Amino acid sequence: MTAAVLSFGANLGDAATAVRTAIDALGPALVRASALYRTPPWGGVEQDDFINATVLADDPARDAAGWLAFAREQEAVAERVREVRWGPRTLDVDVIAVWDGGEPVHSDDPELTVPHPRAHQRAFVLVPWLELDPHAELPGRGPVADLLAELPAAEAAEVTAL
């Protein structure tokens, strides 16, 4: 069995619907989804706030590459265009962490690095993930609650449930 934590975000068009539609596409693989959160943009590009959510998913037919394929399929359905790094988007789906048989999967592949190399720095991932699982751990980094506590309080406070 492979389990995954996925992060969804959008800030163009009907962002909330784009995020919900992509989450719904998980079908029976969806274990639990966080609430939707409004978050300020990350990465220094001027743009509108994002709508974000984090999910726990489980699908014995998917490996890490399968989760990445799902993410890219959903971005294609939302007509995602990659013009500016960290820029506005119709949908962004990130594979945060994957477990195979309960063991964390590690990959340094340039196409898919898991655990996500910057997840521990992103309140928009950690806040909704902590909502889903107060005992969650980011492989190689530690408890999500501790990682969130290490971020500036103002950053975490800006991630607000809708």
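**Entry 1**

I counted a salt bridge where a side-chain nitrogen of Lys or Arg is within 4 Å of a carboxyl oxygen of Asp or Glu. The structure is a predicted model, in which local features need pLDDT of at least 70 and side-chain atom pairs count only at pLDDT 80 or more, whereas totals for chains, interfaces and linings use all residues. Residues are numbered from 1 along each chain as its sequence is written, and side-chain values use heavy atoms, with hydrogens and water left out.

Helices (H or I, at least four residues) and strands (E, at least two) are DSSP runs, numbered from the N terminus. Asp92 also meets Arg89 in a salt bridge, at 3.2 Å from N to O.

I then checked burial, where buried means under 20% relative accessible area, exposed over 50%, and partly exposed in between (1.4 Å probe, protein chains only). Asp92 counts as buried because its relative accessibility is 13%. Arg80, at 18%, is buried as well. Arg89 is also buried.

**Entry 2. A further salt bridge**

I recorded five salt bridges by this rule. One of them joins the side chains of Arg72 and Glu111, at 2.8 Å from N to O. Here too, distant parts of the chain are linked: Arg72 is in helix H2, and Glu111 is in the loop between strand E7 (107–109) and strand E8 (112–114), 39 residues away. Arg72 is partly exposed, with a relative accessible area of 40%, and Glu111 is partly exposed at 48%.

**Entry 3. Strand E4 and its partners**

Which strands pair with E4? I took two strands as paired if DSSP finds at least two bridges between them. Strand E1 (residues 2–10) pairs with E4 in the antiparallel sense over eight bridges. Strand E2 (residues 30–33) is antiparallel to E4 over three bridges, and strand E3 (residues 37–39) is antiparallel to E4 over three bridges.

I noted one residue pair from each. Ala4 has Ala57 of E4 as its bridge partner, Arg32 stands opposite Leu56 in E4, and Thr39 has Phe50 of E4 as its bridge partner. Eight of the nine residues of E4 are buried, so E4 is largely enclosed by the rest of the structure.

**Entry 4. Phe50**

Is Phe50 buried or exposed? Phe50 is buried, with a relative accessible area of 8%. I listed its contacts (heavy atoms within 4.5 Å). Leaving aside neighbours within four places in sequence, Phe50 touches residues including Gly9, Ala10, Tyr37, Thr39 and Arg89. By comparison, I found the C-alpha atoms of Phe50 and Gly27 separated by 24 Å, with the two residues 23 apart along the chain.

I located Asp59 in the loop between strand E4 (50–58) and helix H2 (64–77). Asp59 is buried, at a relative accessible area of 16%. A polar atom of the Asp59 side chain lies 2.9 Å from the backbone nitrogen of Ala61. Beyond its neighbours within four places in sequence, Asp59 is in contact with Thr2, Ala29 and Trp67.

At Trp67, I found the charged end of Arg62 sitting over the ring, 5.0 Å from its centre. The rule asks for NZ of Lys or CZ of Arg within 6 Å of the ring centre and within 35 degrees of the ring normal.

**Entry 5. Backbone exceptions**

Most residues other than glycine have a negative phi, and most peptide bonds are trans. I noted Glu79, a residue other than glycine, with a positive phi near 55 degrees. Glu79 lies in the loop between H2 and E5 and is exposed, with a relative accessible area of 63%.

I also noted a cis peptide bond between Val114 and Pro115, with omega about -5 degrees. Pro115 is placed in the loop between E8 and helix H3 (123–132).

Technical notes. A polar contact is a pair of N or O atoms within 3.5 Å; within protein, one must be able to donate a hydrogen and the other to accept it, and residues adjacent in sequence count only if both atoms are side-chain atoms.
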